There are 2 protein chains.
Amino acid sequence: MRLLVIEDEQKVADFVTRGLRAERFAVDVAYDGASGWDMASVSAYDLIILDLMLPGMSGSEILRRLRQAKKDAPVLILTARDRTAEKVEHFEAGADDYLTKPFAFAELLVRVKALLRRGGAARADILRVGDLEMDRRTQQVKRAGKKIDLTSKEYSLLEYLAANAGRVLSRTMIIEHVWDQSFEGLTNIVDVYVRHLRGKVDDGHAAKLIRTVRGVGYSISDEVEA
Amino acid sequence: MRLLVIEDEQKVADFVTRGLRAERFAVDVAYDGASGWDMASVSAYDLIILDLMLPGMSGSEILRRLRQAKKDAPVLILTARDRTAEKVEHFEAGADDYLTKPFAFAELLVRVKALLRRGGAARADILRVGDLEMDRRTQQVKRAGKKIDLTSKEYSLLEYLAANAGRVLSRTMIIEHVWDQSFEGLTNIVDVYVRHLRGKVDDGHAAKLIRTVRGVGYSISDEVEA
DNA sequence: ATGTTGTATTCATGCGGCTTTAATGTCGCC
DNA sequence: GGCGACATTAAAGCCGCATGAATACAACAT
């Protein structure tokens, strides 16, 4: 799950970002309107959290452009309390939800999760691959009924694999979804994390779920090897 | 499918190349304009990805020359964000699509596939030859309903044959489409790979799909031998 | 501040499988 | 039969991947 936060107040941005990362989302931040628009238009985010009062380019403008560009990621608007009059206007412009500052993080989180659930029609709350089970709400992972502890990165990687079970995912795609970087130099970080996952998920089980496709990437599935 | 990437930034070039190779394309890279032009003018590529900002010879110049030389491979332009004004100009000069840096690989891949589909006369997503079936999106191959595992090279070769089912393809043409530039000189590598394919595709089946045409090359078809 | 713990990332090495070469056997054609 | 073209197999080389350990980093407690 990749989120973009567009917010110029450093404090608010950090607060939101940290909280969301703790919930294991991959979060990018833009501190002004122009770069916010750049990032939003380039990458496919699952959700955008957008402050309306921005230097460079206003939040309204970004929202308008996004919808014009047929980007359909849900947008959660942040704004000052005394501006609620503009609320309707922004809903019409394509905002999906609305939060007035100051707000509690818990409140934000509820809405973020609601939007993600609604948005991704196909998004299942529980992912299953063979006897592996991932609960996306509680972030609990079990194999054959036994609970598995994963770190943030491990969880994100496994979730991405499981959400695309059966498909082979290239390292490039994995890096883009699970890490927020694109052009970093050559690194084997994906390999290393796959090893970590195998250690926790596959080791000790006869049926290996995680499969390497040489020259291509990795995939997870419960198909039995020939 | 053979692609050429002309891009001087090492990191971007590596990133793109790696990602595309994982998608089983044969990818050549040129790190400056001059060698890019050389390669593009000599070999037949199915698609060219072209950075505009290049040392040696500018991307615009390469594009202009290509069209003048009646090379009709689709061209996907890469450029910096603040140069979008030149967009129209390049479309008129014969560019087929456009991507501003930085971009997400997923975005690039979508466009590459779109261009290849458009160009290749209604490129089908599923290729069928007799009871052989190739799904180009998932890269799954089946014969008589049974799944077949192929390596990257084997897959590329079979795809090239199947996409031209019924036609006889010479060894030279096969090498040009399936292998990248690192290849030259006399070699029987095509024969060897045809053997690999026969082992996986034809052995154990009464109807042989892969046919040798003496003195010419190979072809795949479900026509019964006379 | 300092140490401690857990996590993220980089690095170096060894192994195995894909790729490629090469050598030999077989077939078709004149 | 003899030549050339293709088939087949074995083996070498190389690249990609797996792996374990070392290092950097952040969070937290003392």
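In chain A, residue A:Y45 sits in the loop that links α2 to β3 (47-51), where helices (H or I, at least four residues) and strands (E, at least two) are DSSP runs numbered from the N terminus. This is a predicted model, in which local features need pLDDT of at least 70 and side-chain atom pairs count only at pLDDT 80 or more, while totals for chains, interfaces and linings use all residues. Residues are numbered from 1 along each chain as its sequence is written, and chains are lettered from A and ligands numbered from 1 in the order in which they are written.

A:Y45 is buried because 22 other C-beta atoms lie within 10 Å, the term requiring 20 or more such atoms, against 12 or fewer for exposed and values in between for partly exposed, with C-beta atoms placed from the backbone. Leaving aside neighbours within four places in sequence, A:Y45 is in contact with A:R2, A:L3, A:L4, A:A40 and A:A73, contact meaning that C-beta atoms, placed from the backbone, lie within 7 Å.

Between the chains, 17 residues of chain A are in contact with 16 residues of chain B. On the side of chain A that touches chain B, α2 (33-42) and α7 (171-178) each supply at least two residues, and the largest share, four residues, comes from α7(A).

DNA strand C is surrounded by 19 residues, the closest being A:T151, A:S152, B:T151, B:K153 and B:T187; near means a C-beta atom, placed from the backbone, within 6 Å.

Note on methods. Two residues are in contact if their C-beta atoms, placed from the backbone, lie within 7 Å.
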